[in-house]
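Please have the sequence and the structure open as I speak.

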Amino acid sequence: MLPLVYHTSYSFPLPANHRFPVGKYAALRSWLDQDLAGHPHRYFSAEPDPNYPRRWHEPAYVEGFLSQSLPTMMARRIGFPMSERLIERTLAANSGTLLTAELALQHGLALHLSGGYHHAHYAQGGGYCIFNDLAMAAQTLVAQGKVRRVLVFDCDVHQGDGTATMLAGHPDCISVSVHAERNYPARKPDSDLDMALPAGIADQAYLAAVEEALTLVLRLYQPDLVLYDAGVDIHADDELGYFNVSSQGLYQRDWLVLSRCLAADIPVAAVIGGGYQRDLQKVVALHRLLFKAAADIAP
């Protein structure tokens, strides 16, 4: 049985022409029963929990967001208009990544139809990220004694700067980012391992880089769980990407990461990460490849 985590709040109305493709979550959900026909799967939801980010983010920042009273520049850096719907979605999605990780520990593999909010730092958000679901889940599971060591393996095209800063000084929570050398964010703090790749990189070189990074960190850190950010903004058609990776290359990356970890008996919790195209169905088609790879690996 393949556990899938989703909440109806993930897609909600944004102003016309807003850059973030928030409708992709509901659209992805509508496709997956067809995609996974014949493959046992089950949906789970995590309820919004305001106490969860309070444990890991700066209290004044959390309260400012929950009360919709963040300073104007701080809210602008996040990129969303403040609303109750945004609060519900944010809390549900962050709790959803923790639930995905817990399900992965039970089943070996679990997938979240959201997640990857890696630009959120301890006391501020940015780049459509408010609280850092990856860093919070990693720290929570270690603190609870459910795992000894967690690896965050981030393959979004943008560096996971918030994950790097939030996990700095946590030797049992390892941050790894394979990303575009020249892309957002302008300032890239050090992860435990950063692999910055040039613009225009294509399938063969990109997959070699991912394999090199994954092989190294699995051998070096021997994690008990991998949190995998499977961002599709590495694709050649992504409007914020700068890479030249094909759909086949994207599928091969997901298959590589999932199969390599599972072959080593390391559970994987995957989140879908970023993907930016005006045509919603095109970006959803790319996110669907992660679920195809999962079904192909665990038939």
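This is a predicted model: local features need pLDDT of at least 70, side-chain atom pairs count only at pLDDT 80 or more; totals for chains, interfaces and linings use all residues.

Which residues of the largest nonpolar core touch the most other members? They are F153, Y206, L227 and Y228, in a core of 110 residues, where a nonpolar core is a set of buried Ala, Val, Leu, Ile, Met, Phe, Trp, Tyr and Cys residues joined through side-chain atoms within 4.5 Å. The largest share of this core, 10 residues, is supplied by helix 5 (residues 84-107).

Residues are numbered from 1 along each chain as its sequence is written, and side-chain values use heavy atoms, with hydrogens and water left out.

To stay with Y228 for a moment, and leaving aside residues up to four places away in sequence, this tyrosine touches F153, C155, R253, D254, V257, L258, V268, A269, A270, V271 and L290, a contact being heavy atoms within 4.5 Å.

Let me step back to the whole chain. The protein chain has 10 helices and 8 strands, taken as DSSP runs numbered from the N terminus (helices H or I, at least four residues; strands E, at least two). Of its 299 residues, 60% count as buried, which here is under 20% relative accessible area, with exposed over 50% and partly exposed in between (1.4 Å probe, protein chains only). Among contacts between residues at least 6 apart in sequence, 74% join residues at least 24 apart. The C-alpha trace spans about 45 × 40 × 40 Å along its principal axes.

Y184 and P185 are joined by a cis peptide bond, with omega about 0 degrees, and P185 sits in the loop between strand 5 (173-180) and strand 6 (193-197). Q222, in the loop between helix 8 (203-221) and strand 7 (225-229), has a phi near 45 degrees, a positive value in a residue other than glycine. Q222 counts as exposed because its relative accessibility is 53%. Y128 also has a positive phi, near 70 degrees, and lies in the loop between strand 3 (109-112) and helix 6 (133-143). Y128, however, counts as buried, because its relative accessibility is 18%.

On a 1 Å grid over the protein atoms alone, a cavity is a set of points where a 1.4 Å probe fits but cannot get out, a pocket is an open set with protein on both sides within 12 Å along at least five of seven lines, and lining residues have an atom within 4 Å of a point. The largest pocket has a volume of about 240 Å³, a volume being the space filled by probe spheres set on the grid points, which are joined across faces, edges and corners. Among the 20 residues lining this pocket, H119, G127, Y128, H158 and Y276 are the closest to its centre.

Y128 also lines the largest cavity, together with R89, T90, N94, Y117, C129, I130 and F131, and about 40 Å³ of space lies there. The second largest cavity, of about 30 Å³, is lined by V152, D154, G160, T163, S175, V176, S177 and S191, and strand 5 gives the most to that lining, with 3 residues.
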